Amino acid sequence: MSDLKNLAETLVNLTVKDVNELAAILKDEYGIEPAAAAVVMAGPAGEAAEEKTEFDVILKSAGASKLAIVKLVKDLTGAGLKEAKDIVDGAPAPIKTGVSKDEAEALKKQLEEAGAEVELK
């Protein structure tokens, strides 16, 4: 029984690369199609995935009201009018990077209400 427990612990601690190599070995050498490889890669049950804490707010397009978006980008970033215009003209372009989820959501909401298309990464 302890051998099985050691094997299970080894499997759970495999990297994605190791899991892919194991899947290839099982398929090529033993003819086994490991359908559960994705389960092994996900990690043990109950282990929470690490939540992303920093987001980038990306302006995908200014939409119909470009002037309003330029003014809003200027206000949100503290950039000058020319810099804000360059950001809007260069869309898709980052508005702010490395911000908290709440701040990113707030920026996205403001920009979308003004007519812009925004993406969070």
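Start by selecting Val-57, which sits in strand S1 of this predicted model. Is Val-57 buried or exposed? Its relative accessible area is 0%, so Val-57 counts as buried, the cut-off for that being under 20%.

Now show what surrounds Val-57. Skipping the neighbours within four places in sequence, you'll find Val-57 in contact with Ala-93, Pro-94, Ile-95, Lys-96, Val-99, Ala-104, Leu-107, Leu-111, Val-118, Glu-119 and Leu-120. For a distance check, pick Lys-101: it is 44 residues from Val-57 in sequence, yet the two C-alpha atoms lie 9.9 Å apart.

Next, colour the strands. Strands of a sheet pair through backbone hydrogen bonds. Here, three strands make an open sheet, ordered S2-S1-S3, with antiparallel pairing. S2 (93-99) and S3 (117-120) are the edge strands, each pairing on one side only. Look along the sheet and you can follow a twist that averages 20 degrees from one strand to the next. Zoom in on S1 (residues 55-61) and S3, an antiparallel pair with four bridges. In S3, Glu-119 is the residue standing opposite Ile-58.

Then move on to the helices: select H4 (residues 66-77) and H6 (residues 101-113). Their axes are 10 Å apart and they pack at an angle of about 160 degrees, so H4 and H6 run roughly antiparallel. Their crossing is right-handed. Which residues of H4 and H6 meet? Show side chains for Ile-69, Leu-72, Val-73 and Leu-76 on H4, and for Leu-107, Gln-110 and Leu-111 on H6. That contact has six nonpolar residues, one polar and no charged.

Last stop: click Leu-107 and Leu-111 again, as both are also among the contacts of Val-57.

Technical notes. Residues numbered from 1 in each chain as written. Predicted model: local features only at pLDDT ≥ 70, side-chain atom pairs only at ≥ 80, totals over all residues. Heavy atoms only, no water. Pairing = 2+ DSSP bridges. Helix = DSSP H or I, 4+ residues; strand = E, 2+ residues; numbered from the N terminus. Axes fitted to C-alpha atoms, helices over the stretch in contact; angles between N-to-C directions. Buried < 20%, exposed > 50% of the residue type's maximum accessible area, 1.4 Å probe, protein only. Contact = heavy atoms within 4.5 Å. Parallel < 35°, antiparallel > 145°, perpendicular 65-115°, else oblique. Left-handed = near helix turned anticlockwise from the far one by under 90°. Nonpolar A, V, L, I, M, F, W, Y, C, P; charged D, E, K, R; others polar.
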